[in-house]
Amino acid sequence: MSVRTAGAARAELVADTALALLAQRGMRGLTHRAVDEAAGLPQGSTSNLARTRQALLELAVRRHAEREARVLGLEEMPDPRDGLDALADGLALAVHRSLTGHRDLLLARYELALEATRRPGLRAFYDATGARFRDRLTALVTAMGSTDPARHVLSLVAWADGLMFSCAAGSFSSRVPDLDELRAGLRELLAGMLGRG
């Protein structure tokens, strides 16, 4: 293994451990020392990689964006020519995957999002990493004939984020909607936006 490959593997380990700690212990439980201990690294390893708390948080945000992109399957989203039902299916599958197999990733995201409200530098970094999904969704709704893509993407993201929060950490956390329920909700939302009954 080359030095560069080893460095990248160590960065992933630190970032993945930071995300796990955020999900388990919250923002207060994320320290350089806690990452070293949880990852089984020699003391000071995390500090060597990410000197400041801001650097550690940025590393976690970057890794979170990579992992969430895989969970959401951005590259698997349907061709807009396949129609509204195909888009509802693709989005429902993405939301369902997040809720059923990646709850810890959702919890880490909420911790990072809240911390970003207190750290302008992290906010800019957090928003930039989230642009990839918004851009893909914008392209999809535009290709499907949206008359106001920015507003429609905001509504779709708000619907999905609200549902995921409610089911992962909120008052509906004891029950995850099944794929059919998610499809129905998304189909109703998309049909209203795109003017299709």
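## The model and its fold

What you have here is a predicted model, where local features need pLDDT of at least 70, side-chain atom pairs count only at pLDDT 80 or more, and totals for chains, interfaces and linings use all residues. Residues are numbered from 1 along each chain as its sequence is written, and side-chain values use heavy atoms, with hydrogens and water left out.

The chain has 9 helices and 0 strands; helices (H or I, at least four residues) and strands (E, at least two) are DSSP runs, numbered from the N terminus. Its C-alpha trace spans about 60 × 35 × 35 Å along the principal axes.

## Helix 7 meets helix 8

The axes of helix 7 and helix 8 come within 9 Å and cross at roughly 120 degrees. Axes here are lines fitted to C-alpha atoms, for helices over the stretch in contact, and angles run from 0 to 180 degrees between N-to-C directions. That angle makes helix 7 oblique to helix 8, given that under 35 degrees counts as roughly parallel, over 145 as roughly antiparallel, 65 to 115 as roughly perpendicular and the rest as oblique.

On the helix 7 side, the contact (heavy atoms within 4.5 Å) is made by Arg-134, Leu-137, Thr-138, Val-141 and Thr-142, and helix 8 answers with Pro-149, Val-153, Leu-156 and Val-157. By class, that is 6 nonpolar, 2 polar and 1 charged residues. Ala, Val, Leu, Ile, Met, Phe, Trp, Tyr, Cys and Pro count as nonpolar, Asp, Glu, Lys and Arg as charged, and the others, Gly among them, as polar.

## The largest pocket

The largest pocket has a volume of about 740 Å³. On a 1 Å grid over the protein atoms alone, a pocket is an open set of points with protein on both sides within 12 Å along at least five of seven lines, a cavity is a set where a 1.4 Å probe fits but cannot get out, and lining residues have an atom within 4 Å of a point. Grid points are joined across faces, edges and corners, and a volume is the space filled by probe spheres set on the points.

Of the 35 lining residues, Glu-68, Arg-109, Phe-133, Val-157 and Asp-161 are the closest to the pocket's centre. Helix 8 gives the largest share of the lining, 10 residues. By class, the lining has 23 nonpolar, 5 polar and 7 charged residues.

## One cavity

Searching the whole structure turns up 1 cavity of 30 Å³ or more. Glu-68, Val-71, Ser-98, His-102, Leu-105 and Leu-106 line the largest cavity, with helix 4 and helix 6 each giving two or more residues.
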